[in-house]
Amino acid sequence: MTAPTPFPPDVVAAVMRHMNTDHADDCRVICQGLGGQSTATAATMSGMDADGMDFVATVDGEPVPIRVPFSTRLAERRQIRAEAARMYREACAALGIAPRPEAS
């Protein structure tokens, strides 16, 4: 049995809005570097729970669902930003590209 997520729908919607508006390229990088879709040309966050983020990447013109787990189960909203930044930095490292300076 899966434990309930600590993030209500309005929190998930706010995180998705922020990621898709302010960090759309980061979503693509995460899907390329950690989601196993190195040829993704775009990606949007489509959901999340305490264990990871869900994305839909565009690969060869087709939507591909991707799940990227967090490093640990999250319990508080403030942890989401740190995990998203960690995923972005790790994806950059996996791809051999430099992260944006403010994401370091």
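**Salt bridges in the predicted model**

Author: Arg28 and Asp25 are both located in helix α2 (residues 24-33), three residues apart, about one turn of the helix; helices here are DSSP runs of H or I with at least four residues, strands are runs of E with at least two, and both are numbered from the N terminus. The two residues form a salt bridge, with the closest N and O atoms 2.5 Å apart; the term denotes a side-chain nitrogen of Lys or Arg within 4 Å of a carboxyl oxygen of Asp or Glu. Asp25 is partly exposed at 45% relative accessibility (buried is under 20% relative accessible area, exposed over 50%, partly exposed in between, with a 1.4 Å probe and protein chains only).

The model is predicted: local features need pLDDT of at least 70 and side-chain atom pairs pLDDT 80 or more, while totals for chains, interfaces and linings use all residues. Residues are numbered from 1 along each chain as its sequence is written, and side-chain values use heavy atoms, without hydrogens and water.

A second salt bridge pairs Arg73 with Asp51, the closest N and O atoms being 2.5 Å apart. Arg73 lies in the loop between β3 (62-69) and α3 (78-95) and Asp51 in the loop between β1 (42-49) and β2 (52-59), so this pair ties together parts 22 residues apart in sequence. Arg73 is partly exposed, at 34%, and Asp51 is also partly exposed, at 29%.

Glu76 pairs with Arg78, at 2.7 Å between the closest N and O atoms. Glu76 is partly exposed at 39%, whereas Arg78 is exposed at 64%. The whole structure contains eight salt bridges.
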